[in-house]
Amino acid sequence: QRRLALWLASEVFMSVPIREGLNLLPLEYVFSRKSPGTPGVTITSEFSAVCSILNGALRVNPFDIQASSTSIDTALAMPLDQKISRRERDIQFVSSSSSGLWTRRVLADLADVTMSTAKEKQKEKNRINSSDLDPSGFSISSAPLDTVAVAEAYNIARKRVIFIDFNGTIVMKEPTGKYLKRSMLGTSEAKPPSETIDALIKLCADERNIIYVVSGDTEHNIENAIGHIKGLGLASGNGGSLSHPTSESGKRKWIMTNLGVDWDAIKKVTLPILAKYTARANGSFVKLTSSSIGWSYYSCDPEWGSLLAESLVIELENKLQIFDVHLVTLKGVVEVVPRKLNKGLVVKEVLRRNELPDFVLCVGDDVSDEKMFTAVFSVIAQSYSAGRSIPHHAYTITVGKKVSNASYYVETAPDVADLLLKLSGMTYSTGRAMSWDSDDVGQSMFES
């Protein structure tokens, strides 16, 4: 009772040890200041375990006296709306974690710990950091994209097919942990800027175009963002489900890809493991789609989330050996997906439905898009071998100059918007700065 009275009388809780394990007092302080009470501010040491748990706390280096004193001043002068925002980041997690539950979790973790050799750890680390594709098979995207040449090829083509990735290509993808640096919670959903949506609407209105946006996100999220565009095809779950272009408004029809995987059996093994890791990381959550099971740590402490992700990959790999699945590790998320599932399935399905077009454009930004690039050339090569007509122009484009199967690159996602606007014949109304330059865009891109 005395401790509770102290918490309620204090506007700031400061705990800055040089080194510390699990200390539940900061969590207790956050809980005591829950709504409808007035929120307080927690200051924690970056060398403490609780620093990785409380996303709303101010982090300080206890050896830096000047920074520590500045943090105290910041906490005392913090506006009420910021205090509420920081409390909301932690209160749900703290409220669901009693001291008894923490004890059981720690004991369970100790029981799960096994000794491994340094060689095995290095091997797993190398495997996690590697992509699904063999880097030796890549070619450097040494050629920057000539948008004028692309526009000229587009304009003379009688039939065109365009594949575009979603997150990181037409929607800005922020670094993991940027959520923690916000003074306020992001509340906007992940959508392309209005200029890009207008360009897509105009491109889809052209009868010569077939356009698909291929995403790893859920059907709900991608349909909510751009599902209203008539004539636009959508693919979710990295090709797990497909919605062909339609001229009708209303609810879309999704076709599931049958890859022969027993998801019910996989969930029985996977979900208890993911629940354990979700309990360890404030801000993490389980993400379920029709073709994947994911664990998102996008809104967690970046260092802590990455460490847990490495451990999770090792544990899931051992438990899922009997299933025809593999693990995909992207920025802020670990996913269990069917081994046969990839975005290249969408490209092959669309290109093989009819005779090949005169113009093919395929744009993506990360390793999951590499299969789209190779699928484009695979279909073209097969058509050429069979003596059928092939496209006069095929452009595969990656966002950022890196090792890739794409033939060309653009520097950033706004360059993709530039290209779409150029192809649609539109121009910016406000110059280079577009609506996605808002600080809140992109935070919820992993949320389902």
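**Close-up views of a predicted model**

**View 1. R208 is partly exposed, with a relative accessible area of 38%.** Salt bridges that share partners join R160, D206 and R208 into one network. A salt bridge here is a side-chain nitrogen of Lys or Arg within 4 Å of a carboxyl oxygen of Asp or Glu. The side chains of D206 and R208 meet in such a bridge, at 3.2 Å from N to O. Buried denotes a relative accessible area under 20%, exposed over 50%, and partly exposed in between (1.4 Å probe, protein chains only). The model is predicted: local features need pLDDT of at least 70, side-chain atom pairs count only at pLDDT 80 or more, and totals for chains, interfaces and linings use all residues. Residues are numbered from 1 along each chain as its sequence is written, and side-chain values use heavy atoms, with hydrogens and water left out.

**View 2. K343 and D165 form a salt bridge, their closest N and O atoms being 2.7 Å apart.** K343 lies in the loop between β14 (333–338) and α13 (344–353) and D165 in strand β6, so the pair ties together parts that are 178 residues apart in sequence. Helices (H or I, at least four residues) and strands (E, at least two) are DSSP runs, numbered from the N terminus. K343 is buried, with a relative accessible area of 2%, and D165 is buried at 3%.

**View 3. A salt bridge joins K276 to E315, with 2.9 Å between the closest N and O atoms.** This pair links distant parts of the chain, 39 residues apart: K276 belongs to helix α11 (residues 263–280) and E315 to helix α12 (residues 302–319).

**View 4. Strand β15 (residues 359–364) is mostly covered, 6 of its 6 residues being buried.** F359, L361 and V363 point one way from β15, while V360, C362 and G364 point the other way. Strands count as paired if DSSP finds at least two bridges between them. Strand β6 (residues 160–165) runs parallel to β15 and is joined to it by 5 bridges; I162 stands opposite L361. Strand β16 (residues 393–399) also pairs with β15 in the parallel sense, over 6 bridges, and A394 in β16 is the bridge partner of V360.

**View 5. In residues 128–138, pLDDT stays under 50.** pLDDT is the predictor's confidence in each residue, from 0 to 100. Residues 179–188 also stay under 50. Where pLDDT is low, the predicted coordinates should not be read in detail. The mean pLDDT of the protein is 82, and 84% of its residues reach 70 or more.

Definitions and conventions: Contact = heavy atoms within 4.5 Å.
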